[in-house]
Amino acid sequence: MAPLLKIFIQWLPTLPGTLKSKSHGQSPMEVPSFSEVYEQQRPINPQQGFHGKAVHTLDEETKQISSVSWGKDHLDIFGFNGENLTHKYWDGYQWNPSDHTMAQLGQGLATKPVSISWGTGRLDIFGLDEDGTILHQYYDGTAWKPNVAEFERLGKGCNPSDEIAASTWGPDSLDVFCRDPEDEQILHQYYNGHGWSELERFGGDVTIGPRVVSWGKNHMAVFFLDRDGEVNQRYWDGSQWSNEWDT
């Protein structure tokens with residue numbers, strides 16, 4: 001064994017953040033710090049599968065995260081640092097802007113971001129500000145809109161201490177739901193490809209929720225828990241919403 005390599009192997013277990021395993025002749029293994037919040041198998045080449053393990057770090061100020069993918073070899077992570085939306089993404093080869101940093105996006109966020117995608121190159125991010133106004137920022141495949149540092153402001157009246165819910169069943173379809181802080185009813189706002197609706201009342205007597213999911217084009221369902229702990233549901237069948245909440 002080369003002298004320099006032998007010295008390096010003897011010195012490696014003393015590095016901070018490593019442990020030396022005594023069983024089965026295993027190599028030293030990395031012990032992630034508290035700020036290393038997730039693990040990602042990094043591919044040498046995205047066409048050759050995954051090789052090796054890398055632990056990535058978000059900004060230390062990040063309080064909440066949301067994740068989404070618009071297609072193969074692409075991952076986006078959005079963070080909330082107490083005021084701003086932050087972002088990093090995997091392009092099939094590496095994390096950008098780097099393993100250990102996140103880019104700054106819209107300002108004025110007060111809740112965890114919600115991220116969705118209706119197809120390749122499209123990202124829509126929602127959140128609430130301190131006044132309960134729905135904030136929206138989106139990537140259209142070429143640029144962030146309305147711009148890289150600002151949110152579009154939608155309806156006002158949501159509970160600012162809640163997370164909102166958002167979903168899409170396909171291109172030009174966005175639905176956002178939140179809870180009214182005064183009467184606990186669900187509020188709903190949607191985009192149909194031509195513009196945003198007004199924030200409308202959607203009924204219900206919500207204790208936990210709402211949550212929303214879509215299983216395909218023209219199908220969407222909204223759920224919440226009521227005061228009795230029962231799951232309530234309304235669904236979109238492609239032409240209209242069901243009239244009443246089912247339990």
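A salt bridge here is a side-chain nitrogen of Lys or Arg within 4 Å of a carboxyl oxygen of Asp or Glu. The model is a predicted one, so local features need pLDDT of at least 70 and side-chain atom pairs count only at pLDDT 80 or more, while totals for chains, interfaces and linings use all residues. Residues are numbered from 1 along each chain as its sequence is written, and side-chain values use heavy atoms, with hydrogens and water left out.

Under the salt-bridge rule, the count comes to eight. Side chains of opposite charge can pair when their charged atoms come close. Strands are DSSP runs of E with at least two residues, numbered from the N terminus. Arg201 has a relative accessibility of 47% and counts as partly exposed; Asp183, at 32%, is also partly exposed. For these labels, buried means under 20% relative accessible area, exposed means over 50%, and partly exposed is in between (1.4 Å probe, protein chains only).

Then there is Arg179, which bridges to Asp162 with the closest N and O atoms 2.8 Å apart. Since Arg179 belongs to strand S16 (residues 174–179) and Asp162 to the loop between strand S14 (152–156) and strand S15 (165–167), the pair links parts that are 17 residues apart in sequence. Arg179 and Asp162 are both buried. Asp124 and Arg122 form another salt bridge, with 2.8 Å between the closest N and O atoms, and both of these residues are buried too.

On to the largest pocket, which has a volume of about 200 Å³. A pocket is an open set of points on a 1 Å grid over the protein atoms alone, where a 1.4 Å probe fits and protein lies on both sides within 12 Å along at least five of seven lines; lining residues have an atom within 4 Å of a point. Grid points are joined across faces, edges and corners, and the volume is the space filled by probe spheres set on the points. Among the lining residues are Trp169, Asp172, His188, Tyr190, Glu200, Trp236 and Trp241. Strand S17 (residues 186–191) gives the largest share of the lining, three residues. Asp172 is found in the loop between S15 and S16 and has a positive phi, near 65°, in a residue other than glycine. Its relative accessible area of 39% makes Asp172 partly exposed.

Asn218 also has a positive phi, about 65°, although it is not a glycine. Asn218 lies in the loop between strand S19 (208–216) and strand S20 (219–225).

Two cis peptide bonds deserve a mention. One joins Asn96 and Pro97, with omega about 5°, and Pro97 falls in the loop between S8 and S9. The other runs from Lys145 to Pro146, with omega near 0°; Pro146 is in the loop between strand S13 (144–145) and S14.

Finally, Thr133 is in strand S12 (residues 133–139) and counts as buried at 4% relative accessibility. Leaving aside neighbours within four places in sequence, Thr133 is in contact (heavy atoms within 4.5 Å) with Gly127, Leu128, Arg153, Leu154, Gly155 and Lys156.

Technical notes: Helices (H or I, at least four residues) and strands (E, at least two) are DSSP runs, numbered from the N terminus.
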